[in-house]
Amino acid sequence: MQLTRLSLHNPVAVVVAVILALLFGIISLMRLPVQLTPEVEKPEITIKTKWRAAAPEEIEADIVEPQEKVLRGLPGMTELLSKAKRGEGEITITFAVGANLERGLLEVLNRLNRVPRYPDDAEEPVISAIGGDSRPIAWFIIKPLPGNDRAISTYQDFLEEVVQTRFERVLGVGLSEVRGGREREVRITFDPYKAATLDIQLPVAINLAGSGKDVSAGDTYVGKRRYTIRFAGKYDVEKLGEMILEWRDGRPIQLRDVADVKVRYADRRSFVIQNSESAMAINAHRESGVNVLEVMAGLRQATQELADGPLKRANLSIQQVYDETKYIHRSIDLVQTNLALGVLLAIGVLWWFLRRFRATLMVALAIPSSIITSFILLDVADRTLNVISLAGLAFAVGMVLDAAIIVLENIVRLREKGKTASEASLQGTMQVWGALLASTVTTVAIFLPVVFLEDESGQLFADLALTIAVAIGFSLLAAVTILPTAAQHWLKGAVKPDPHSHWWDAMTGSIMWLTRSVRLRAFWIVVLITIPVSLAYLLKPKADYLPQGNRNLVFAFILPPPGVNIDFIEKEMGQVIAKRMLPYIKGEKSPHVNDYFFVAFGRGAFMGARTKNDDDTDKLVPLINTVVQGFPGTIAFAKRTSLFGGFGTGRTIDINIRGRNVETLLTVAQTGFGLISQKVPGARVRPFPGLSLAEPELQLIPDERRIAEVGWDRSVMSGVVRAVGDGLYVGDYFDGDQRLDIILRSQEWSLPEDLASIPLATPLGGVMPLGELVDILRTAGPDELRRLDRRRTVTLQVTPPENMPLQDVLDLIKNEIEPVLNGMLPEDGEITYSGTADKLEVAIKNMLGIFLLAIVILYLLMSALFRSFRDSLLVILAIPLATVGGVISLQLMNLVTFQPMDLLTMIGFIILLGLVVNNAILLVHQTRQAEREGLARHDAVQQAVRMRLRPILMSTLTSIFGMLPLLLIPGAGSELYRGLAGVIVGGMCVSAVFTLVLLPSLLRIGESKSSAQTHSLPPVTGE
């Protein structure tokens, strides 16, 4: 090979090339973004439209449905999910992976402009491309310092202006959110009795209150100057009370005569409790493709500046309660440790076989030269450094040694035969070049379909596949350039004979004896092909999606009884939970909780907690479950957060019950909730939006005739009702710093009877109570309406027990629960699956397709390299041995700890294809080469086994020992690659043993009886 000749003739150039490659590899390593998991592209656009005080039915009819209508048929859209909540409509558009998000944003903007009109007091839609499942990388808690008696919830504006603005200036932060505060508004609180006494009609006051505006009238020239003409018609808050509502008997009736005008804080909609104290929370979301470690460093710097500056002056403290980089550091440290241990174990195995320090060192050089230079292509391919890509490097440790081992072993063998160092280096490399090229090309080709997969699983696997493929490609280059050059100079001295030569002779003799007759060979071929296939099918574990991970963060979702107010949640839940958690915060009980936070919002609450000791996280899940449960009418459960999504995602199955009638959907959902709890013990079911129309509602039914008699209509009446209810938006006021809503609102009332008795001055009917114009009906309605692809939907999100595969639960739901629910649905009803369940089915099809495609690629490439379709088929027949080894390994692991066959574990079977065929390629290549040199079939097989037995065992054991730390050592992130490592180790152990029997049996097919009589080992000249 010309490249090897050039390297041997110019060793200085080889050294220079290695140094340059290492230098640029280190530079690329420093440039690579560092993240927890690979960048998974999930193109999403979220549209939020606020309409103050509107009920879900109004949001659905006047906001969501018109928007859905113009958005239907959006190019590349795969899902349209809408939520109509109190005061807000939200639409999440999910696009196909690879869709151009910028084009999607433009298309969404253009289509939203086609919406005919929005309600007068609805805000403009806000469009975001961050995505609804974006996960914060950091959470911070703000509390008042001692001596600060001001309520923490009143700092909303301050934190938005100071803290949120500063965080969003940090390079790499895409979004920051403030939780637990109250915004300011201009509140006009009118007294309906005074207004009625003075005969002030509420619609007149509404129109006047929103009429004050500043108006520009252009400009004019006065002498040498140009003056702008501007009508300052907007009221200052202090003078808003002077607004004249009517002029009566020569005296004005001003707004302050019937109302009180003040800048007040809006009604409380949420609160935060942290470690039993009131607080506010603020988070930070990262942008796509940034270095999380650098972003977190910027956030820490910003936090320190805020703590020493504006927050200190405001007598506030800030504390970071969640930091994603801590888990990243722990995960990377563990992988680095495993990587180092794998390298040491692999080198130890090499030394045991070779018993030559210099020879071992030469092979060991392949590790840094292949691994470090891999970073160059990772950088060029815009990949990130994460737990998956680092695990790929750890897996590659044993694999990159294969080529170097085969070359070195052949060079050493030739030196033992008396060749000079230069001759052995050149001939030893040339003799195995064909087999090396075949094994490397086939291994790299296997990963190509994985790299180009575009779904979520493909994006996760791409980092792993690319890392291993690049490392193996560089290892071939190192094996045919660096290693022969080093051997030429380091193996000049006398070569000691192989101390284990008698072992290889004995093993070769045993293999030839086991395959000595046609009947025995047929027996081994049938047994070693049919039994592995049968066992693999029978023992195959059920599929799962992605591992949860073992991060020190537990979340609980709490869905309180419908209709409870925020004060009830704080008093009856927040304070009770704070009391229950206090002993664990103080360390009086185990596990010792480092901190927790309880965040309540309009419809529910969530809670997050961490332990002081990372090893105690498993104890935290049952503790939080105990703490949040036991409240009447409340659905609550805790779970460890997934590494691949926020709370509510990960190992879940979304059952979507779709139809037109909400009450029917809720009835079916209630039945499904009960059946799942019964059929899948330990499963946690979270309903979206809820299981009943139990949101208490006072429905005001208009009396059409009476309203017309007093001179009003329904539109006027609706404004009046809002004013006596939660308040009516009549305009806005700019205080020089920010724009505040002006809200007209009646004095507080407590009973429906009080509402009915509110007096109203009317144009034609005089003063009348509200109850004369409307009928007040106590009923119940939905607190949220959910629509999937423009159809009303109730979703049951099922989280299986931790020791139960996702596919088992999905099969049980489809076979035993879905038929019952289908029988309850009307004609227009249907049940669909989304979330992880839908992704799992797609991923399994993709994985099966990749596996079969990889086998086809292997067969075709080997056929071209061997110039024989038959020989490549012999290599393919070794695959079942590896598959059954991986399956058996998973079953053995499940005896110790639950290890599902998740998607990361499935990729192990594809990696196995590239590993196990290498041994078969060596045997087939050497056998055919010997036959071409004139040896009989029996002698050629015997020579191939004897010559390649040592390198096969060396490469197999170095790969196995290089991966053992990934399999055996627990820690942060180990759940991601433990199953993958188990599959590879188990598959290689089984295939290495039985391939040495199966391949000789296959290769000896057609052997003549005369050649079979030869039992002595033919001389191995290596010529």
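Arg 184 is partly exposed, since its relative accessible area is 26%, where partly exposed covers the range between buried, under 20% relative accessible area, and exposed, over 50%, with a 1.4 Å probe and protein chains only. The side chain of Arg 184 meets that of Asp 157 in a salt bridge of 2.9 Å, N to O, a salt bridge being a side-chain nitrogen of Lys or Arg within 4 Å of a carboxyl oxygen of Asp or Glu. This pair links distant parts of the chain, with Arg 184 in strand E8 (residues 184-190) and Asp 157 in helix H5 (residues 156-168), 27 residues apart. Helices (H or I, at least four residues) and strands (E, at least two) are DSSP runs numbered from the N terminus. Asp 157 is buried, with a relative accessible area of 10%.

The model is a predicted one, in which local features need pLDDT of at least 70 and side-chain atom pairs count only at pLDDT 80 or more, while totals for chains, interfaces and linings use all residues. Residues are numbered from 1 along each chain as its sequence is written, and side-chain values use heavy atoms, with hydrogens and water left out.

**Salt bridges**

The count of salt bridges comes to 39. Another of them brings together the side chains of Arg 946 and Asp 505, at 2.6 Å from N to O. Here too the pair links distant parts of the chain, for Arg 946 lies in helix H31 and Asp 505 in helix H18 (residues 501-514), 441 residues apart. Arg 946 is buried at 17% relative accessible area, whereas Asp 505 is partly exposed at 36%. Salt bridges that share partners also join Arg 52, Glu 185, Arg 187, Asp 267 and Arg 745 into one network. Glu 88 has a salt bridge with Lys 85, in which the closest N and O atoms are 3.6 Å apart, and Glu 88 counts as buried because its relative accessibility is 16%.

**Two buried residues**

Thr 325 belongs to helix H11 (residues 324-354) and is buried, with a relative accessible area of 1%. The side chains of Thr 325 and Asp 323 are joined by a polar contact of 2.4 Å, which is a pair of N or O atoms within 3.5 Å; within protein, one must be able to donate a hydrogen and the other to accept it, and residues adjacent in sequence count only if both atoms are side-chain atoms. Apart from its neighbours within four places in sequence, Thr 325 is in contact with Val 292, Leu 293, Met 296 and Arg 300, contact meaning heavy atoms within 4.5 Å.

Ser 746 is placed in strand E25 (residues 739-746) and counts as buried, at 5% relative accessibility. When neighbours within four places in sequence are left aside, Ser 746 is in contact with Thr 189, Phe 190, Pro 192, Ala 723, Val 724 and Ile 758. Between Ser 746 and Val 721, which are 25 residues apart in sequence, the distance in space is 9.8 Å, C-alpha to C-alpha.

**Cavities and a pocket**

On a 1 Å grid over the protein atoms alone, a cavity is a set of points where a 1.4 Å probe fits but cannot get out, and a pocket is an open set with protein on both sides within 12 Å along at least five of seven lines; lining residues have an atom within 4 Å of a point. Grid points are joined across faces, edges and corners, and a volume is the space filled by probe spheres set on the points.

The whole structure holds six cavities of 30 Å³ or more.

| Space | Volume |
|---|---|
| Largest cavity | about 150 Å³ |
| Second largest cavity | about 110 Å³ |
| Second largest pocket | about 1000 Å³ |

The second largest pocket is lined by 44 residues, of which Thr 897, Phe 898, Gln 899, Glu 975 and Arg 978 are the closest to its centre. Helix H32 gives the largest share of this lining, eight residues. The lining of the second largest pocket divides into 17 nonpolar, 14 polar and 13 charged residues, where Ala, Val, Leu, Ile, Met, Phe, Trp, Tyr, Cys and Pro count as nonpolar, Asp, Glu, Lys and Arg as charged, and the others, Gly among them, as polar.

For the largest cavity, the lining divides into eight nonpolar, eight polar and one charged, and for the second largest cavity into nine nonpolar, three polar and four charged.
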